[in-house]
Amino acid sequence: MTPPPAPARRIVFLGPPGAGKGTQAAELARELGFVHLSTGDLLRAAVAEGSDLGRAADGHIRAGRLVPDELVLAIVRERLGRPDARAGFILDGFPRNLAQARALEGFAPLELVVAFEIDPRQLVARLSGRRICPNCGTVYHLDARPPRVAGRCDRDGTELVQRPDDRPEAVEVRLRVYAEQTAPLLDYYRDLGLLRAVDVAGTPAEVASRLRRLIAAGPTAAGSPAERL
Ligand code: AMP
């Protein structure tokens, strides 16, 4: 009997803002013992700390534009270079353009890219109702995932906030940036044989079980380094 495939370990969740990548990546990475790397979370933490990186990134994030590649690549390279990332990682929000995708290939070749498929008309409602805990990063939604006590994080009681870039002016820019710069990665990863799609309709638990199946199926044959030459 052939043994079951080893699960994919170097994974990217790709999709527009508001598709639920962050919520799913946090949950599944915890379950699998993988590192969850959200460049958006790391950049927001840098802004909150007031570090040099945070000061350089702040204006771009508020406006909904991409932060310059070299800044983002430096944090991804550093985080994936740490020993715990060897067990596996799920990237969420990175790569966001072709230059980032090509750079990533150079230091952490992927095994699986999951495209989150969502009706674009749902995105604005998802983003405008989103609230986050500024302390632990847990994501809520006023209708779809309300906290137990209105306005407070279930985990630590901190007052929930709206991300500045979830306001309508920035949302419009983010969706345009996604269409122009990030969506072309779908073809890029399809050509490499790494792309699988997941339908994000349904409850978060239903989406999570679809994702578990994709990850358990392991890296695709066409994604092996030999076949990619
Ligand atoms: P996210 O939490 O992934 O929606 O990211 C929030 C914001 O952080 C984005 O709108 C960008 O301004 C910035 N950002 C996050 N990831 C990247 C990335 N890979 N490249 C450039 N900017 C990024």
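An oxygen atom of the ligand lies 2.5 Å from a polar backbone atom of Arg65. Taken alone, the ligand exposes 480 Å², and the protein buries 95% of that area. These values come from a predicted model.

The surroundings of the ligand can be described next. The ligand is surrounded by 16 residues, and Arg65 is among the closest, together with Thr39, Val67, Gly93 and Gln100. Sorted by class, this shell contains six nonpolar, four polar and six charged residues. Helix α2, which spans residues 39–49, contributes the most to the shell, supplying four residues.

In Arg44, a polar side-chain atom lies 3.0 Å from an oxygen atom of the ligand. In Arg96, an N or O atom of the side chain is 3.1 Å from an oxygen atom of the ligand. With Arg65, by contrast, the polar atom concerned belongs to the backbone.

Attention may now turn to strand β1, made up of residues 10–14. Is this strand largely enclosed or largely open, and why? Four of its five residues are buried, so β1 is largely enclosed by the rest of the structure. Here a residue is called buried if its relative accessible area is under 20%.

Strand β1 has two pairings to consider. With strand β3 (residues 89–92), β1 pairs in the parallel sense over four bridges. Within this pairing, Arg10 has Phe89 of β3 as its bridge partner. Strand β4 (residues 112–117) also runs parallel to β1, and four bridges join the two strands. Opposite Leu14 stands Ala115 in β4.

Methods
Residues are numbered from 1 along each chain as its sequence is written. This is a predicted model: local features need pLDDT of at least 70, side-chain atom pairs count only at pLDDT 80 or more; totals for chains, interfaces and linings use all residues. Side-chain values use heavy atoms; hydrogens and water are left out. A residue is near a molecule or strand if one of its heavy atoms lies within 4 Å of it. A polar contact is a pair of N or O atoms within 3.5 Å; within protein, one must be able to donate a hydrogen and the other to accept it, and residues adjacent in sequence count only if both atoms are side-chain atoms. Accessible areas come from the Shrake-Rupley method with a 1.4 Å probe; for residues, only the protein chains shown count as cover. Ala, Val, Leu, Ile, Met, Phe, Trp, Tyr, Cys and Pro count as nonpolar, Asp, Glu, Lys and Arg as charged, and the others, Gly among them, as polar. Buried means under 20% relative accessible area, exposed over 50%, partly exposed in between (1.4 Å probe, protein chains only). Two strands pair if DSSP finds at least two bridges between them.
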